[in-house]
Amino acid sequence: MTAFQPPLTGRPLTRQHAIVTGASRGIGAAIAVGLARAGANVVINYRQNAEMAESVAAICRKFDVSAITLQADVSRADDVNRLIETATVHFGAPAILVNNAGVAHTGLLLDMTEQEWDMLMSANLKAPFLCTRAILPHMIRQQYGRIINLSSIWGLAGGSCEVAYSASKGGVIAMTKALAKEMGPSGITVNAVAPGAIQTDMLGHLSDEDLQMLAEETPVGRLGTAEDVANAVTFLALPSSSFLTGQILSPNGGYVT
Ligand code: NAP
């Protein structure tokens, strides 16, 4: 957690229901907590670790909201349909979907196998499609929705040795912009958050020296925190953000401008 958390004025997401994919740790966990802090009931999706997901739910409940955990591999259509249906039966129609689950792959494109490419695209690009497709009928019926997709600065700028990851996150940006146009008339906003280097398990493959170098190359002089990203997501999820759609908000400390 960052040291200073300014108080939210009121609880702008009270009585709303949010689904956050891949929320058992890292950025997804911080997003679930941020939305709960703003008053939303949250569904914490996880793939593997029920215990970690439950501890995120326990933190959310401290904000006087309901929080449940649901297992689903969001790259699989059957799992996604079960996730959205169960969430809807429990809480009613969801107002907020955060497509956060994702995986990274580092290495030369020349060395990447077809199976690795397919696996990465399924987790990073197909999963947001599946979740969005399953949730849209509910949002269209309400004529209200906030869809927030996790992209990356590499989806904007391209990263060496992260070609497939960059392609998947660039795809997320294009999907966000196109769907925003399709859904505007239905009262549903679709935006993306494209973080820079954020201290989570996803950077676990980097040495301390590499992390130090990344921090020094970042104009604000530090790596990002999961809460930096959660703050951007909460902002886009607000009812008052209704004129913001098809946009890419990039918490990156000035690394990519
Ligand atoms: P992380 O610490 O590695 O956590 C990833 C989360 O996604 C885990 O909870 C994981 O669950 C879940 N997940 C992966 N595949 C899934 C699937 N098929 N179904 C359900 N859950 C799945 O990553 P993070 O740093 O928090 O990243 C979150 C998002 O931000 C990702 O989309 C990532 O690409 C993006 N992002 C991260 C950074 C960064 O520097 N960290 C920068 C830019 C963008 P399991 O534990 O069960 O595998």
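Biologist: Which residues in α4 meet which residues in α6?

Modeller: Please bear in mind that this is a predicted model. In α4, W117, L120, M121, N124, L125, P128, F129, T132, L136 and I140 meet A164, Y165, A167, S168, K169, G171, V172, M175, L179 and M183 in α6. The residues of this contact divide into 15 nonpolar, 4 polar and 1 charged.

Biologist: At roughly what angle do the axes of α4 and α6 cross?

Modeller: The axes of α4 and α6 (residues 163–183) cross at roughly 15 degrees and come within 9 Å. Angles under 35 degrees count as roughly parallel, and α4 and α6 are therefore roughly parallel to each other. The crossing of α4 with α6 is right-handed.

Biologist: Which residues in α3 meet α4?

Modeller: A77, V80, N81, I84 and T88 in α3 meet L130, C131, R133, A134, I135 and H138 in α4. Here the residues divide into 7 nonpolar, 3 polar and 1 charged. The axes of α3 (residues 77–91) and α4 come within 9 Å and cross at roughly 35 degrees, again in a right-handed crossing.

Biologist: What span should the 29 residues of α4 have, and how far apart are its end C-alpha atoms?

Modeller: At 1.5 Å a residue, α4 (residues 114–142) should span 42 Å; its end C-alpha atoms are 41 Å apart, which agrees.

Biologist: Where in α4 does a kink lie?

Modeller: A kink of about 45 degrees lies at K126, shortly before the proline P128. Just after α4, Q143 takes a positive phi of about 55 degrees.

How values were computed:
Residues numbered from 1 in each chain as written. Predicted model: local features only at pLDDT ≥ 70, side-chain atom pairs only at ≥ 80, totals over all residues. Heavy atoms only, no water. Helix = DSSP H or I, 4+ residues; strand = E, 2+ residues; numbered from the N terminus. Expected span 1.5 Å × (residues − 1). Bend = angle between axes of the 7 residues up to and from the residue. Axes fitted to C-alpha atoms, helices over the stretch in contact; angles between N-to-C directions. Parallel < 35°, antiparallel > 145°, perpendicular 65-115°, else oblique. Left-handed = near helix turned anticlockwise from the far one by under 90°. Contact = heavy atoms within 4.5 Å. Nonpolar A, V, L, I, M, F, W, Y, C, P; charged D, E, K, R; others polar.
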